Amino acid sequence: MELGENFLGKISQRQRDAAPYTICKLSAKIETDHTHHHPLSVSRSICFSVNKRSWFPALSFAFIINNKRGKILQMMEKVSSTLRLGRTKSDQLVEAAVAAMKSPAHSETGQGGGAPDSGGSTVSRKSSRRLAVASPGRSIGGSNRNAHIRKSRSAQLKVDVDDLSSGAALSRASSASLGLSFSLTGFIMPPDDIADSKPFSDDDIPEDIEAGTQRKKIEAEPTVPIYLKFTDVTYKVVLKGVASSEEKEILHGITGSVNPGEVLALMGPSGSGKTTLLNVLGGRLTQPMPGGSITYNDQPYSKFLKSRIGFVTQDDVLFPHLTVRETLTYTAFLRLPNKLTRKQKEKRALDVICELGLERCQDTIIGGSFVRGVSGGERKRVCIGNEIIINPSLLLLDEPTSGLDSTTALKIIHMLQDIAEAGKTVITTIHQPSSRLFHKFDKLILLAKGSLLYYGKASEAMLYFSSVGCSPLIAMNPAEFLLDIANGNLNDVTVPSELKDGVQMSDSETESTKEKPSPAVIHDYLVEAYESRVAEKEKKNIMVPIPIDEELKSKLSFPRREWGASWWEQCSILFWRGLKERKHDYFSWLRITQVLVTAIILGLLWWQSDNKTPKGLQDQTGLLFFLAVFWSFFPVFTAIFTFPQEKAMLKKERAADMYRLSAYFVARTISDLPLDLLLPLLFITVVYFMAGLRLNAATFFLTVLTIFLEIVAAQGLGLVIGASLMDVKKATTLASVTVMAFMLSGGYFVQKVPVFILWLRYLSFNYYTYRLLLKVQYKHVPLAMHGIAVDSGLMEVGVLVAMVFGYRLLAYIALRKMKLQS
């Protein structure tokens, strides 16, 4: 081991620390002859692999020492290395020299380990092996460990054992991109030792603490490539005022294209139209219709493309109480093709978890504002996983790095590059990237006030603006420079001569030449410069037809919409998902305490009340009316939050065609029932026996069923109000007025209601519930209670059942009319 340590000692600690992403590996294998206690073979390798994007060279050196007869052959006497790090990213070189290695002549002849000039020691080509050291890159290999390494990102140094001969063995390791070359001479490697040697593998890379080691590829069907073109795209909105309406144009003739394997970045100041353009390209904005031409493989947008497009919104819209695995698994069940089995869908979800490096947190809940869960970077990766799980051909992301630190943001962009390299088309908006992030993009669109300032290769953006007279005076981040000029800020930027002359002429009277042009003037100049220099040329390039066959075009023009699951399967999946998500809210200690304390107070106030006297009978009727009011008020104000709170999630999932709206509505309303009926059962059990109501099993269960029927009807009213308004404040106000009106007309406070408002009583579920409770409790009493005839109560039951279904039908119609995809 001393030889390897001496070699490492040649490199100073400062030089090693100066190279980020450096991976060093030292391995040793020693076999000992138990008879003579001599080492039979010593195999050591020292490997250095450095990410080329950090502009540090890569060095690989391997040597093998062998002795078969108890004598250690000293094959290397002197190792010297010089590592010189330049300041410029293109002039950094490494020179490594290895001196000639001498081996003493063997005293015995005819042995395989003879001198270098003997002819008996040759290495057959059949047993030879190529040893390669590669930078880890971003490999996702499962069985193919090194299948995914960017050729422009890593420098590879190879030691070829095939070139070893019996005379003078020569092995070269070179890196064409860095101009590095060194040689190993004068040693012999037996075939047995070659078989034992192993190349450097991606499995030896330490696990990334944040992102995890990417080990698996998603086993999915081949990606259908999408060539996206858009020409003269415009979009206008109508701003409605109190007295008049105003039309505002958001996008002004945006032109561009992006091909499979490319990452297109949309940059610009806030309010420049980045998100609007992204939504238009993803087919999310259809009202009003955008202008211009947008084609996908020369075909217009169709609803079938929803299954080919992944859209990651700026806000992380996820259920906070579901784990990472549950979130991706439910997405797989709903979005993957119906031809896949349940096991295959679960496996796809696990593959996505491994690819995104989420193994460490797969059983952690997502979390939210009031619940602690995964980190911000992990939450963003879950959102991306929800989209790439369907293997989309086009992936759109709205500011995926906002709110993340620079390291996590860089990992997100690296992930997008990996996705693009798999043959997908990636478009992302980004607000203010770091310099490292900016150089990751293939193409760039720079927007300002809805106008196009630049479209082309991201690497050529600085050259273009230099050609129009705008160059940075100091070293700065290219993204900051572009955003400055898009905002009309020319501080530390050269002023174009055309604008400088204009400013001097306008300020000639005041003899002031230090003033810079206004942002509006700069904006107009940049827009005009792009239209006159580049726009027409780019439009001609975009108009060239794509060389793709008709079969590929037909795959994007399928007329029918394909669902990932049948209606019943969608309903079942959404039912269990809703049950898991909301059980934490329903069984919170606060809600249980609220119900139990109210029940105990009622039981103490009506403790063992007597129904044999008129006064006691009157007290019990007051308790029954309170039960009817309380269990109508409670469900209404719980149900009005159902659709307004899930509006963002419903909008996101419906825009992706995850499920039918009817399946969601049925599953959402049914999944609430088991949770909504457990606490009332506990409440009624406590109050019923403490208050001393009629002790009869049939009477008790009929009372419980009556309250259950009212709860379901009251829920329907809350769903109607929430779905109609989709605003919590408005819904709460309307629900308060409605519940109060139903309570007052419920038949307890007012016996004789005027005819012109009598209709309100027949809309109140409090009225029918109160009548039904009286009939259940006092059917043995021959006299009428509060003018209510004691009969079977079938009429009240029929009305409440009609309310249960009628209110829900109105809620579904209101939800259907809501423009969730706008």
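Modeller: Happy to! Let's take the open sheet of six strands, which runs in the order 14-15-16-12-17-18 with mixed pairing. Strands (E, at least two residues) and helices (H or I, at least four) are DSSP runs numbered from the N terminus, and two strands pair if DSSP finds at least two bridges between them. This is a predicted model, so local features need pLDDT of at least 70 and side-chain atom pairs 80 or more, while totals for chains, interfaces and linings use all residues. Residues are numbered from 1 along each chain as its sequence is written, and side-chain values use heavy atoms, without hydrogens or water.

At the edges of the sheet you'll find strand 14 (309-312) and strand 18, each pairing on one side only. On average, neighbouring strands are turned by 15 degrees against each other, direction ignored (axes are lines fitted to C-alpha atoms, for helices over the stretch in contact; angles run from 0 to 180 degrees between N-to-C directions). At the strand 14 end, four bridges join strand 14 to strand 15 (residues 394-398) in the parallel sense, and Gly-310 stands opposite Leu-395 of strand 15.

Helix 11 (residues 478-486) touches strand 12, strand 17 and strand 18, and its direction makes about 30 degrees with that of strand 17. Helix 13 (residues 519-542) touches strand 17 and strand 18, at about 45 degrees to the direction of strand 18. Here contact means heavy atoms within 4.5 Å.

Now zoom in on strand 17. On one side, strand 17 pairs in the parallel sense with strand 12 (residues 263-267) over four bridges, and Leu-444 is the bridge partner of Ala-265.

How enclosed is strand 17 by the rest of the structure? Six of its six residues (443-448) are buried, so strand 17 is largely enclosed. Buried means under 20% relative accessible area, exposed over 50%, partly exposed in between (1.4 Å probe, protein chains only). Both faces are covered: Lys-443, Ile-445 and Leu-447 are buried on one side, and Leu-444, Leu-446 and Ala-448 on the other.

For comparison, have a look at another open sheet, made of three strands in the order 11-10-13 with antiparallel pairing. Strand 11 (245-258) and strand 13 (291-296) each have a single partner, so one side of each is left without a neighbour in the sheet. Neighbouring strands here are turned by 30 degrees against each other on average, direction ignored. Strand 10 (residues 228-240) pairs with strand 13 over five antiparallel bridges, with Thr-234 bridging to Gly-291 of strand 13. Helix 4 (residues 274-281) packs on this sheet and touches strand 10, strand 11 and strand 13, its direction making about 115 degrees with that of strand 10.

One last stop, in a helix: Thr-706 belongs to helix 21 (residues 697-725) and is buried, with a relative accessible area of 4%. Leaving aside neighbours within four places in sequence, Thr-706 is in contact with Thr-769, Leu-772, Leu-773 and Val-776.
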